[in-house]
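Please read the report below alongside the sequence and the structure.

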Amino acid sequence: MRLFHLPLLAPLALGLVLAGCSKPEPAPEPVRAVRTMTVAQANAGVSLEYAAEVRARTESRLGFRVPGKMVRRAVDLGDTVKRGQVLAQLDPQDLRLSQQAAGAAVVGAKANLDQAEADFKRFKELRDQGFISSAELERRDTALKSARAQHQQAVAQASAQGNQAGYAALTADAQGVITGVEAEPGMVVAAGTPVLRLAHDGPRDVVFSVPEDKVALFKTLERQGAVLQVRLWSTEGAPLPAKIREIGAAADPVTRTYLVKADIGRSDVKLGQTASVQVALPQTTLATKLPLSALRESGGQTAVWLLDRPSMTVKLHPVKVAGADGNQVLVASGLQPGQVVVTAGVHVLTDGQKVKLYAEPRTAAQAGGATVAGGAAAAARAEAAVAAQQQPSTVKSAN
């Protein structure tokens, strides 16, 4: 029978329990590899680029000048129309009835005028013979003038009503292209309600929006007559020159940007084409170029990661961006020549983190070359060993 000494086992069990409850030490954070570049300064040309759309110089919203029910639409979106062509039609029945009523009013007013003229002629003869007074003749003259005015009014109303009946047909007031349809047959439209949009043939504009801080720049370019470069996204070739024609006086209530229209002076460009407008600014001296991947946003400011080579740690450093030059950005201030900036991997870094420089992986050709070189060296060493074994040894005998 075995006997255990309990006072000696208790500390051992307690130690095992504490060891099981203790947390394991966290794994060390991996050292991340980053790409870097050394800051250098050079001359750079700053350019601004905006997305734009081709529009007609004049675009009209066409609508009927009288209310009514639209019974026909003769054109569709994208149709080319000529001046005077009928585009849509209202139900003309009520307008024709009003025209007939106005014609009947003219006939009635003409009858009253004829009667008043005859009465005035008879009363004038009676006054000449002394049978009536001059006051009575004046009353007849006044009645004649009133009848004549009523007749003129009826004629004018009949003419206006005839025009109203003609307004039942919506016609194109210029040659162009239908760019919008805003009403369909069967709808009851009020006078002036837009039914179609017509882009007039003629010069074309590129329209784009600029932020508030660039409005003064574009006004200066407009006064100087600067030429902008317009590239159509769907058409290859040389860029089209354009001059600023109009700058919006008020900002858009939604985007808070200002609309700019530039004249490209051509009518063969298709409406609605997308384009990019490039504005070349004077060259900036001593500018620092960085790839877009080197920038990050921190606290509402643009910043980059600087590498401290002795400690191989990174530190976040704010910079001020002046503009873009192709796929690179121009840094106006915040960097000095010789500083090392991280250009890739910036989204996973933290302040003070230890990093290492990224090493390009060896290609298959390089690996194959190294293997061949190693094999050749081994073969040479093997051949030297075999030759040494086969060489006869020289023995000196003692006399």
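Of the 399 residues of the protein chain, 27% count as buried, where buried means under 20% relative accessible area, exposed means over 50%, and partly exposed lies in between (1.4 Å probe, protein chains only). This is a predicted model, in which local features need pLDDT of at least 70 and side-chain atom pairs count only at pLDDT 80 or more, while totals for chains, interfaces and linings use all residues. Residues are numbered from 1 along each chain as its sequence is written, and side-chain values use heavy atoms, with hydrogens and water left out.

The accessible surface of the protein chain comes to about 25600 Å², of which 55% belongs to carbon and sulfur atoms; such areas come from the Shrake-Rupley method with a 1.4 Å probe, and for residues only the protein chains shown count as cover. The protein chain has 5 helices and 22 strands, taken as DSSP runs (helices H or I with at least four residues, strands E with at least two) and numbered from the N terminus. Among the contacts in the protein chain with a separation of 6 or more, 74% are between residues 24 or more positions apart, a contact being heavy atoms within 4.5 Å.

Two strands count as paired if DSSP finds at least two bridges between them, and β4 (residues 68-73) and β6 (residues 86-90) pair in the antiparallel sense over 3 bridges. Within this part of the model, arginine 73 stands opposite alanine 88 in β6.

Helix α2 (residues 93-128) has 36 residues and reaches 53 Å from its first C-alpha to its last, close to the 52 Å expected at 1.5 Å a residue, the expected span being 1.5 Å times one less than the number of residues. The buried residues of α2 are Leu95, Ala102, Val106, Ala109, Leu113, Ala116, Asp119 and Phe123, and what covers them includes α3. Just after α2, glycine 130 takes a positive phi of about 85°.

The structure holds 19 salt bridges, each defined as a side-chain nitrogen of Lys or Arg within 4 Å of a carboxyl oxygen of Asp or Glu. The table gives some of these pairs.

| Pair | Closest N to O distance |
|---|---|
| Arginine 127 and aspartate 128 | 3.6 Å |
| Arginine 140 and glutamate 136 | 3.5 Å |

How exposed are the partners? Arginine 127 is partly exposed at 30% relative accessibility, whereas aspartate 128 counts as exposed at 52%. Arginine 140 and glutamate 136 both lie in helix α3 (residues 134-166), 4 residues apart, about one turn of the helix; arginine 140 is partly exposed with a relative accessible area of 28%, while glutamate 136 counts as buried at 17%.

Salt bridges that share partners join Arg57, Asp205, Arg245, Glu246 and Asp263 into one network. Within that pair, arginine 245 is partly exposed at 31% relative accessible area, whereas aspartate 205 counts as buried at 2% relative accessibility.
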